[in-house]
Amino acid sequence: MITTLRQVVGFTLLMTLLCGLIYPLGFTGLAQLLLPRQADGSLVLQDGKVIGSELIAQGFAGDGYFHPRPSAAGSGYDAANSSGSNLAVSNKASNTAIIERATAARGERTEPVPADLVTASGSGLDPHLSPAAALFQVPRVAAARGLPESQVAELVRAHTESRPLGILGEPRVNVLRLNLALDALRDSR
């Protein structure tokens with residue numbers, strides 16, 4: 001019995017050391033060595049200050065900015081409370097919210113509103129929009145900034161990322177990067 005107990009305790013300590021210390025530290029070190037920017041959270045710097053991450057959406061207010069997908073994460077774009085709403089498609093509150101968002105996004109326009117402008121992502125913090133959702137916002141952003149729609153649309157196209165490895169996912173636009181490019185365009189005028 002003592003021998004078995006000693007083996008069990010020894011195996012538990014060994015596995016705790018391997019799985020709880022060596023493995024995580026090894027992969028953290030490897031990630032820092034091979035992909036340091038990504039391992040640190042893909043942070044976006046401006047004038048030496050962290051202003052966000054390419055991986056986490058943040059809210060942008062005002063007509064002069066592209067707006068990300070709606071967030072279901074806590075109160076706004078709260079990365080500490082990442083989650084979807086878990087409301088079913090048949091949920092009345094969810095449908096009412098989607099209709100209100102679509103009505104607000106559409107304004108006086110008649111074309112359909114892209115789904116990713118009115119529905120939250122699974123995490124509630126998706127930093128990307130479809131190119132269609134970004135292009136849908138071009139008239140509002142261009143008018144608010146006093147820019148030609150063609151110039152703002154070209155900025156969207158320039159910031160459209162292709163499918164990873166050419167086959168995975170869909171083309172997408174990082175809202176933070178796009179809004180930073182808009183601000184840089186304003187600053188350069």
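Q: What counts as a pocket or a cavity here?
A: On a 1 Å grid over the protein atoms alone, a pocket is an open set of points with protein on both sides within 12 Å along at least five of seven lines, whereas a cavity is a set where a 1.4 Å probe fits but cannot get out; lining residues have an atom within 4 Å of a point. The model is a predicted one, in which local features need pLDDT of at least 70 and side-chain atom pairs count only at pLDDT 80 or more, while totals for chains, interfaces and linings use all residues. Residues are numbered from 1 along each chain as its sequence is written, and side-chain values use heavy atoms, with hydrogens and water left out.

Q: What volume does the second largest pocket have, then?
A: The second largest pocket comes to about 280 Å³, a volume being the space filled by probe spheres set on grid points that are joined across faces, edges and corners. Its lining has 17 residues, and those closest to its centre are Ser85, Ser94, Ile98, Arg101 and Ala120.

Q: How does that lining divide by class, nonpolar, polar and charged?
A: Nine residues of the second largest pocket's lining are nonpolar, seven are polar and one is charged (Ala, Val, Leu, Ile, Met, Phe, Trp, Tyr, Cys and Pro count as nonpolar, Asp, Glu, Lys and Arg as charged, and the others, Gly among them, as polar).

Q: And the largest pocket, which residues lie nearest its centre?
A: The largest pocket, at about 360 Å³, has 15 lining residues, and His67, Ala104, Ala105, Gln137 and Arg140 are the ones nearest its centre. By class, the lining of the largest pocket holds seven nonpolar, three polar and five charged residues.

Q: How many cavities of 30 Å³ or more turn up?
A: A search of the whole structure finds one, and the largest cavity has a volume of about 40 Å³. Residues that line the largest cavity include Ile56, Phe60, Pro127, Asn174 and Leu176, and by class the lining has seven nonpolar, two polar and no charged residues.

Q: Changing topic: how many salt bridges are there?
A: There are eight salt bridges, each a side-chain nitrogen of Lys or Arg within 4 Å of a carboxyl oxygen of Asp or Glu. In one of them Glu54 pairs with Arg177, with the closest N and O atoms 2.7 Å apart. Glu54 lies in the loop between β2 (49–53) and α3 and Arg177 in helix α7 (residues 175–188), so this pair ties together parts that are 123 residues apart in sequence.

Q: Is Glu54 buried or exposed?
A: Glu54 is buried, at 17% relative accessible area, while Arg177, at 31%, counts as partly exposed (buried means under 20%, exposed over 50%, partly exposed in between, with a 1.4 Å probe and protein chains only).

Q: What does Arg69 pair with?
A: Arg69 forms a salt bridge with Asp126, their closest N and O atoms being 3.8 Å apart. Arg69 sits in the loop between β2 and α3 and Asp126 in the loop between α3 and β3 (128–129), and the pair links distant parts of the chain, 57 residues apart. Arg69 is buried at 15%, whereas Asp126 is partly exposed at 23%.

Q: Where do Arg157 and Glu154 sit?
A: Both are in helix α6 (residues 149–158), and because they are three residues apart, about one helical turn separates them. Salt bridges that share partners also join Arg37, Glu54 and Arg177 into one network.

Key: Helix = DSSP H or I, 4+ residues; strand = E, 2+ residues; numbered from the N terminus.
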